Amino acid sequence: GVEVPELTAITNNYPNPFNSSTTIVYRVADIGPIPAEIKIEIYDILGRLVRTLLHEKKDIGEHLITWDGKDDNGMLLPSGIYLIEMSAGNWARRAKALLTR
């Protein structure tokens with residue numbers, strides 16, 4: 001009963017720009033071992049890792065995760081452009097999120 005995505009990808013995040021939180025929509029396709037080891041990380045515009053949102057095995061399908069605009073230490077990040085990176089094994093893709101305060 002699960003629709004199998006053709007691609008593993010970050011499809012979007014909403015709202016974008018956001019103030020207090022944004023929901024990241026991502027899909028896991030049949031890219032190898034299932035469940036797949038998925039990692040979603042947030043980087044600042046200078047490429048520094050500020051938050052690891054997810055690092056766990058996920059089954060095929062569409063998934064949601066929420067980012068609250070905080071770093072790994074629970075501190076609110078300043079307004080700016082942040083990159084959301086999703087990786088699975090050697091595969092990785094990035095999307096942009098605009099955080100406004």
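Let me start with one residue. Ile 24 is buried, because its relative accessibility is 0%; buried means under 20% relative accessible area, exposed over 50%, and partly exposed in between, with a 1.4 Å probe and protein chains only. Ile 24 sits in strand 2. Strands here are DSSP runs of E with at least two residues, numbered from the N terminus.

Before going on, some ground rules. This is a predicted model, where local features need pLDDT of at least 70 and side-chain atom pairs count only at pLDDT 80 or more, while totals for chains, interfaces and linings use all residues. Residues are numbered from 1 along each chain as its sequence is written, and side-chain values use heavy atoms, with hydrogens and water left out.

Back to Ile 24. What does Ile 24 contact, beyond its neighbours within four places in sequence? Among its partners are Ile 10, Asn 12, Ile 42, Leu 53, Trp 67 and Ile 84, where contact means heavy atoms within 4.5 Å. Asn 12 is twelve residues away along the chain, and its C-alpha atom lies 6.1 Å from that of Ile 24.

Ile 24 also belongs to the largest nonpolar core, which has 21 residues. A nonpolar core is a set of buried Ala, Val, Leu, Ile, Met, Phe, Trp, Tyr and Cys residues joined through side-chain atoms within 4.5 Å. The residues with the most contacts inside this core are Ile 24, Tyr 26, Ile 38, Ile 40, Ile 42 and Trp 67. Strands 2, 3, 4, 5, 6 and 7 each give two or more residues to it.

Now strand 3, residues 36-44. Seven of its nine residues are buried. Strand 3 runs antiparallel to strand 4, with eight bridges joining them, and antiparallel to strand 6, with seven. Two strands pair if DSSP finds at least two bridges between them. On the strand 4 side, Tyr 43 has Leu 49 as its bridge partner. On the strand 6 side, Glu 41 stands opposite Glu 85.

Strand 6 also holds Ser 87. Is Ser 87 buried or exposed? Ser 87 counts as buried, because its relative accessibility is 13%. Leaving out residues up to four places away in sequence, Ser 87 touches Glu 37, Ile 38, Lys 39 and Ala 92.

Last, the turn. Strands 3 and 4 form a hairpin with four residues between them, and Gly 47 in the turn has a positive phi of about 90°. Ile 45 is in that loop between strand 3 and strand 4. Ile 45 counts as exposed, because its relative accessibility is 58%.
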